[in-house]
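Please read it with the structure open.

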Amino acid sequence: MRTIHIIGIGAGDPGQLTLAAAEAIGQTDVFFLLDKGAEKHDLIALRQQLMARFARPDHRVVAVADPDRDRTAAGYVRAVDDWRRERADLLEAAIAEQLPDGGTGGFLVWGDPALYDSTLAVVEEIQARGRVGISHTVIPGISSVATLAARHRIPLNRVGRPFLVTTGRRLAAGLPDEVDDIVVMLDAHCAFIHYVDEDFDIYWGAYLGTDDELLVAGPLREVADQIVRVRQEGRDRKGWIMDTYLLRRRDAPAGR
């Protein structure tokens with residue numbers, strides 16, 4: 001039996017690594033990294049810093065090329081399922097070949113493993129197949145959502161009101177009912193621009209917790225164009241971008 005640690009490492013600030021995560025890194029023999037290409041080397045570099053600081057001197061790193069997801073497929077859920085299955089195939093083979101029985105492997109997951117990340121689902125699929133005997137643990141991390149709120153010095157919820165965490169794809173399909181505080185992740189197309197005529201404030205952040213962090217906040221109708229421009233400039237400069245934002249309806253009635 002092999003043990004797999006799925007370790008949340010936070011949104012990018014090494015200072016936000018939890019003590020539990022540091023301990024799990026120190027217990028790991030082999031780290032498995034999904035290589036997303038040269039453009040996203042920064043994502044590997046942070047993991048390498050954490051391993052250099054907290055991992056055992058004799059640890060090993062196994063890099064696996066991340067398969068491309070079909071972003072033109074008509075069925076989004078089916079495309080994601082196929083992509084996860086490809087990941088599972090590659091990682092199952094890597095674990096079988098590179099991690100001996102009784103060994104401990106680890107995945108260093110950006111943010112929190114429970115929030116819009118596929119690593120947990122992939123490991124559970126490998127476990128369910130039964131071809132490689134593994135057990136797994138999950139160590140939570142500080143998410144980009146928590147970091148966004150901290151950087152803007154705001155609460156995510158207002159008194160007696162819920163907030164929703166959703167995706168840009170879902171937001172583009174329409175505003176949710178009875179929720180006035182909407183946290184949006186995975187928004188490649190700036191879905192907030194559809195709602196500039198609504199009475200929202202927006203709190204936006206990209207590369208949260210890193211040296212490249214970008215923050216914009218204000219009434220949506222006034223700052224939407226600025227966010228689109230700043231976001232594109234960041235993407236052009238680095239070749240990739242990860243951003244998160246909160247839409248907050250202004251002066252929403254209490255208990256709505």
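1. With which residue does Arg249 form a salt bridge? The partner is Glu198, and the closest N and O atoms are 3.1 Å apart; a salt bridge here is a side-chain nitrogen of Lys or Arg within 4 Å of a carboxyl oxygen of Asp or Glu. Because Arg249 belongs to strand 10 (residues 243-249) and Glu198 to the loop between strand 7 and strand 8 (200-206), the pair ties together parts that are 51 residues apart in sequence. Arg249 is buried at a relative accessible area of 15%, whereas Glu198, at 30%, is partly exposed (buried means under 20% relative accessible area, exposed over 50%, partly exposed in between, with a 1.4 Å probe and protein chains only).

2. On the basis of these values, please note that this is a predicted model, in which local features need pLDDT of at least 70 and side-chain atom pairs count only at pLDDT 80 or more, while totals for chains, interfaces and linings use all residues. Residues are numbered from 1 along each chain as its sequence is written, and side-chain values use heavy atoms, with hydrogens and water left out.

3. A salt bridge also joins the side chains of Arg158 and Asp181, at 3.2 Å from N to O. This pair links distant parts of the chain, 23 residues apart, with Arg158 in the loop between helix 5 (144-152) and strand 6 (164-167) and Asp181 in strand 7 (residues 181-185); helices (H or I, at least four residues) and strands (E, at least two) are DSSP runs, numbered from the N terminus. Arg158 counts as buried at 18% relative accessibility, and Asp181 is buried at 0%.

4. Arg221 and Asp199 meet through their side chains in a further salt bridge, 3.6 Å from N to O. Since Arg221 lies in helix 7 (residues 220-238) and Asp199 in the loop between strand 7 and strand 8, the pair ties together parts 22 residues apart in sequence. Arg221, at 47% relative accessibility, is partly exposed, and Asp199 is partly exposed at 33%.

5. The count of salt bridges comes to 21, and a network of them links Asp89, Glu92, Glu125, Arg129 and Arg131.

6. Helix 7 has buried residues that include Leu220, Val223, Ile227 and Arg231. Its buried residues pack against helix 2 (41-54), strand 8, strand 9 (214-219) and strand 10, where contact means heavy atoms within 4.5 Å. Gly239, which follows helix 7, has a positive phi near 90 degrees.
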